[in-house]
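Please open the model in a viewer and keep the selection panel at hand.

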Amino acid sequence: MNYKAIGFLAALALLGACSDNTTGGASTGGASGGGGASASSNGGAIPGSQQDLVANVGDRVFFAYDQSQLSSDARATLDRQVQWLQRYPQVSIQMAGNTDERGTEEYNLALGQRRANAARDYLVAQGVSSARINTISYGKERPAATGADEQAYSQDRNAITSVQ
Amino acid sequence: MTDTLTMLGRSAAALGRRSALIGAGIAAVPLLGTQRALAQGADTAITVDRARTAPIPIAIPALAGTALGAQMAEVISNDLARSGLFRPIGNAAQIGANDAGDAPNFQNWKAVGAQTLVTGKVEGGGSNVRVEFRLWDVLPGQQIQGTAYTTTSTNWRRIAHIIADVIYERLLGEKGYFDTRIVYVSNTGPREKRIKRLAIMDQDSENNRFLTDGSWLVLTPRFHPTRDQIVYMSYYNNRPRVWTFDLGSARQTVLGDFDGMTFAPRYAPDGNSIIMSVSRGSGSDIITVGVAGGGRRTLTSSGSIDTSPCYSPDGSQIVFNSDRGGDQQLYVMGAGGGSARRISYGKGRYATPVWSPRGDLIAFTRLGSGGFAIGVMRPDGSGERILSESFDVEGPTFCPNGRVLMFYRAGQGGGGSRLVSIDITGFNERVVPTSTDASAPAWSPLLA
């Protein structure tokens with residue numbers, strides 16, 4: 001059995017799984033195998049680009065209802081973002097916080113900001129310069145998923161990183 | 001003689017604010033007639049509470065004179081009918097319009113069940129229109145009120161709303177709310193790429209116009225208490241901040257210079273400052289700023305989310321939304337800041353508090369496992385009543401006399417949003433027509 005070949009195939013398979021994140025659809029926010037990106041090609045995305053971030057790193061983390069604590073999945077994704085940002089020091093990002101629709105407009109603006117801040121503070125604590133990170137909150141105004149079920153709502157409660 | 005003098009004095013007082021409205025180009029003078037004060041005895045004392053269960057039958061035939069007469073009668077009639085407190089007599093036109101100076105045929109009006117009657121006439125056009133109106137008590141056959149307005153023809157809707165307010169006030173004993181506007185957010189496009197524009201219209205949904213073009217997300221507009229100005233939130237250049245919009249010049253000005261997001265703005269009752277939230281740390285603080293952007297003052301810095309502040313009508317207290325206790329609840333503090341006491345203790349979380357212009361109630365949005373609800377409570381938190389429940393109802397705003405609330409209702413999953421009005425006792429819930437989906441309404445003060 002060629003374990004090296006199996007390992008390579010496994011990494012490719014995981015890359016395929018990670019690239020599903022580009023649609024912003026169901027994402028676990030921290031597939032632990034995503035580190036395979038460093039071992040092989042960027043899947044066609046320009047290194048250090050928005051596409052690269054989404055396809056190979058993971059551009060978003062998710063939160064529980066009315067909460068802004070980072071789960072272990074969220075921290076894993078943010079750890080990969082830290083590594084990626086350290087590899088491309090010229091990149092600046094925007095961290096946008098969002099909520100689901102089950103709240104009022106103004107409070108949700110503040111909650112979205114709190115989520116964006118939590119994600120930014122984690123990156124900064126891991127060594128990313130705060131000058132590279134801009135934050136914004138959209139409250140419940142820009143939902144990632146537009147359904148009305150728990151699946152959609154869980155997608156809406158997020159902090160999304162994008163290349164500036 | 002004494003009665004007439006008393007009547008003139010009372011009607012002059014009632015009209016005092018109107019006749020001072022020369023700025024909008026409307027002048028008002030009382031019309032003499034065999035005036036008679038409504039007796040204050042129990043049998044003729046009509047109040048808003050009584051009118052809810054027994055709407056006042058009122059006949060409003062087309063005003064005589066130009067074509068505006070019929071249009072004005074319709075606006076007046078619709079205003080009064082929509083309040084739920086009046087019952088315009090149908091087919092009033094069949095009995096015929098009356099010249100304002102004639103004594104109406106009270107027998108005919110009595111026969112169709114009218115208790116009160118409006119007559120009038122419209123003369124002139126263009127820059128010089130004169131509108132006479134008289135309000136009659138049908139049973140004794142006496143004039144209650146008579147006024148002549150002169151203005152430009154473009155103001156005809158305002159005159160109709162002012163007349164409706166005068167009728168409301170003379171018959172119910174408190175000021176009306178028809179000569180007002182609504183500012184709101186118009187929503188178009190799919191939920192994931194929603195286009196939001198500030199819009200403004202008369203409270204009867206007429207004269208709608210858009211104030212912004214949708215290039216940038218806009219939220220939560222509110223009226224200045226005396227000036228033609230709106231405060232709102234805009235994402236202009238991807239910097240979410242509070243802005244002011246001058247309705248006369250259409251000039252938009254960012255409020256102050258803040259590093260963090262500013263949001264949830266309202267004017268203080270004296271119109272000299274704006275109270276709002278600014279993002280700080282992991283939460284938001286409530287601050288006040290002068291209307292020109294200077295004179296910043298921090299009122300809360302609890303480290304939690306403090307937002308949605310609203311002054312009491314006398315400006316002495318502030319009700320606001322805070323999660324300092326663990327989840328979203330309502331708190332009241334003095335206008336200078338300092339210690340705040342929680343007032344919401346019902347089942348669920350509470351948000352979007354607004355203080356009634358009457359000072360007697362605070363309206364709110366309640367959030368629970370079953371969905372949202374609009375309700376009212378006394379400023380000490382007692383007497384909580386729920387008025388309307390739906391997946392997403394939120395953002396109540398009071399009309400100037402505190403008798404009617406407007407809020408918005410959105411479908412789940414970002415379905416269409418509509419403005420809704422409801423009497424504060426929970427009756428007469430109605431959709432307020434808008435040309436697009438609409439949210440975040442705010443009711444203006446009386447324009448006069």
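A crossing of two helices is called right-handed if the near helix is turned clockwise from the far one by less than a right angle, and left-handed if it is turned anticlockwise. The model to which this term is applied here is a predicted one.

**First stop: a helix pair in chain A**

Select helix 3 (residues 72-87) of chain A together with helix 4 of chain A; the two pack at an angle of about 50°, and their axes are 10 Å apart. Helix 3 of chain A is therefore oblique to helix 4 of chain A. In the sense defined above, helix 3 of chain A passes helix 4 of chain A in a right-handed crossing.

Next, display the side chains at this contact. From helix 3 of chain A, select Arg75(A), Leu78(A), Gln81(A) and Val82(A), which meet Ala119(A), Tyr122(A) and Leu123(A) of helix 4 of chain A. By class, the residues of this contact comprise five nonpolar, one polar and one charged.

Keep helix 4 of chain A in view and bring in chain B. Which elements of chain A give two or more residues to the side that touches chain B? To the contact, chain A contributes 19 residues and chain B 32 residues. On the side of chain A, helix 4 (105-125) and strand 3 (133-139) are the elements that give two or more residues. Helix 4 of chain A supplies the largest share of that side, with nine residues. Coloured by class, the side of chain A that touches chain B shows seven nonpolar, seven polar and five charged residues.

Where the domains meet, eight residues of domain 1 of chain B are in contact with ten residues of domain 2 of chain B. On the domain 1 side, the elements giving two or more residues are helix 2 (48-53) and helix 3 (68-82) of chain B. Helix 3 of chain B gives the most to that side, namely four residues. The residues on the domain 1 side divide into four charged, two polar and two nonpolar.

Is Phe133(B) buried or exposed? Phe133(B) has 27 other C-beta atoms within 10 Å and is therefore buried, the cut-off for that class being 20 or more. Finally, draw a distance from the C-alpha atom of Phe133(B) to that of Val376(B): the two residues are 243 residues apart along the chain, and these atoms are separated by 37 Å.

How values were computed:
Residues are numbered from 1 along each chain as its sequence is written. Chains are lettered from A and ligands numbered from 1 in the order in which they are written. This is a predicted model: local features need pLDDT of at least 70, side-chain atom pairs count only at pLDDT 80 or more; totals for chains, interfaces and linings use all residues. A residue is buried if 20 or more other C-beta atoms lie within 10 Å of its own, exposed if 12 or fewer, and partly exposed in between; C-beta atoms are placed from the backbone. Two residues are in contact if their C-beta atoms, placed from the backbone, lie within 7 Å. Ala, Val, Leu, Ile, Met, Phe, Trp, Tyr, Cys and Pro count as nonpolar, Asp, Glu, Lys and Arg as charged, and the others, Gly among them, as polar. Axes are lines fitted to C-alpha atoms, for helices over the stretch in contact, and angles run from 0 to 180 degrees between N-to-C directions. Angles under 35 degrees count as roughly parallel, over 145 as roughly antiparallel, 65 to 115 as roughly perpendicular and the rest as oblique.
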